[in-house]
Amino acid sequence: MIETAKSAGLAACTTCARVWPHDQARCDRCGSPIVDRDRRGLQPVWAWWFAGLLCYIPANIYPMLRTKTLLAYQENTIIGGAVELVAHGSYGVAAIILIASVLIPVIKFLSIAYLALNIRDRRRMSQHSRHQLYEVVEFVGRWSMVDVFVVAILSSLIQLQDVASINPGPAAMTFALSVIFTMLSAQSFDPRLIWDSEDQA
Amino acid sequence: MGAWVGLNEVTAEGIANKDLIACRQCDALYRDIEPDDEHRAICSRCSATLYAPREGSFLQVFAFALTVLVLIVAALWFPFISISKAGLHHTSSIFDVVLSFSTTEMIPLTLAVAAMILLLPALRVLLTLYVLGPLLADKAPLPHAALAFRISERLRPWAMAEIFVLGVAVALVKIHALAHVSPGPAFWMFIALALIATMQDRAACSLTIWKALENK
């Protein structure tokens, strides 16, 4: 069995890796609070997860973009915008938007829930694979923000008086919030909990 | 970079706490031995990198940070993208992009976008210069250097210059059909700064910096 800070009766700082007596509240080297992972548990993970999901629903229902041209007024949701790109033959860009705004968030919600629900269960996935899944989710999650930036750029650029103008819709806000909340959810997940189950076995 | 070495597993008995580190990802305990510049230390349990020191990396990170700072400041003053359609022209600066949400009830989003593409990348770079400057000159760290480095590490996922660059690329393709687009100097500066900021993060080994801050 591998000796861990916990099994040695110590508490580790997750910012600078120094170890301290288990009852120390703050790291003397870097000043970060030292959190007892068992006491904090998964509650913050679930809280941010639900907040993220709650924002993700309106983000898909309400328009992301409002386009006004001489002849027409159009509102596009996230998926509607991607469908339109496909219709124009911009497959690559449609793929980027669909991956960043639909695929990544959905996979992220499912993965975090899976990891949190199966924190002690080793039968389906080894610690190693679950840890890798966690790292992928954490790395990839922030890229969802790309669509919000696209909306910001389009709305600032396409302001050609009456000929064409683009403005952000309410979904831009809820989608950004959803990305922020799920990032916080992933960040408050402590990967050491995945490995703790090995020590207890 | 040479071969990877894992540090030896230890039992904590008889070793002072200050000579130990625990993997930040999986809590495995190791003797705190910094490998030489040719090697990096990885956790034998979860494969997370513990130490990846490199000859001259502080100077390299400092130089990258300085470059990013110059590029951010310069990018603010140059045109970012211009479009023209039917004799009408419009030029956006980075400021215009950031302020595009502010017309409506979306002030919080404006602040978030401003933070993610400008303020946080700039702040992280300033903190890095503040932390590494004295270490490079072989002097004692400036007051609150540990706090500065901690904030910089904590903010890392929220500085999204490189994601913004992808957003610009997508937006350009979208507009392409609608109007004639020409990127300005700030556009190229932003691509460069996103690239260099990524290189800066890859060159910095956080445990090496923490150790240097502690020992100076």
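Five elements each put at least two residues into the lining of the second largest pocket: from chain A, strand S3 (65-69), strand S4 (73-76), helix H3 (78-87) and helix H6 (146-157), and from chain B, helix H5 (161-176). Helices (H or I, at least four residues) and strands (E, at least two) are DSSP runs, numbered from the N terminus. H3(A) gives the largest share, five residues. The lining has 28 residues, and Thr67(A), Asn76(A), Glu84(A), His88(A) and Lys174(B) lie nearest the centre.

The pocket's volume is about 540 Å³. Here a pocket is an open set of points on a 1 Å grid over the protein atoms alone, where a 1.4 Å probe fits, with protein on both sides within 12 Å along at least five of seven lines; lining residues have an atom within 4 Å of a point. The volume is the space filled by probe spheres set on the points, which are joined across faces, edges and corners. By class, the lining comes out as 15 nonpolar, nine polar and four charged residues; Ala, Val, Leu, Ile, Met, Phe, Trp, Tyr, Cys and Pro count as nonpolar, Asp, Glu, Lys and Arg as charged, and the others, Gly among them, as polar.

## What kind of model this is

This is a predicted model, where local features need pLDDT of at least 70 and side-chain atom pairs pLDDT 80 or more, while totals for chains, interfaces and linings use all residues. Residues are numbered from 1 along each chain as its sequence is written, chains are lettered from A and ligands numbered from 1 in the order written, and side-chain values use heavy atoms, leaving out hydrogens and water.

## Where the chains meet

On the chain B side, 59 residues are in contact (heavy atoms within 4.5 Å) with 67 residues of chain A. Together the chains bury about 5,800 Å², 71% of it on carbon and sulfur atoms; that is the accessible area (1.4 Å probe) lost on putting the two parts together, summed over both. In chain B, Asp27(B), Arg45(B) and Lys174(B) lose the most area to chain A, together 13% of what that side buries.

## Two positive phi values

Asp27(B) sits in the loop between strand S2 (20-22) and strand S3 (29-31) of chain B. Its phi is near 80°, positive although the residue isn't glycine. Asp27(B) counts as buried because its relative accessibility is 1%, with the cut-off at under 20% relative accessible area and exposed meaning over 50% (1.4 Å probe, protein chains only).

His144(B), in the loop between H3 and helix H4 (145-155) of chain B, also has a positive phi, near 60°. At 63% relative accessibility, His144(B) is exposed.
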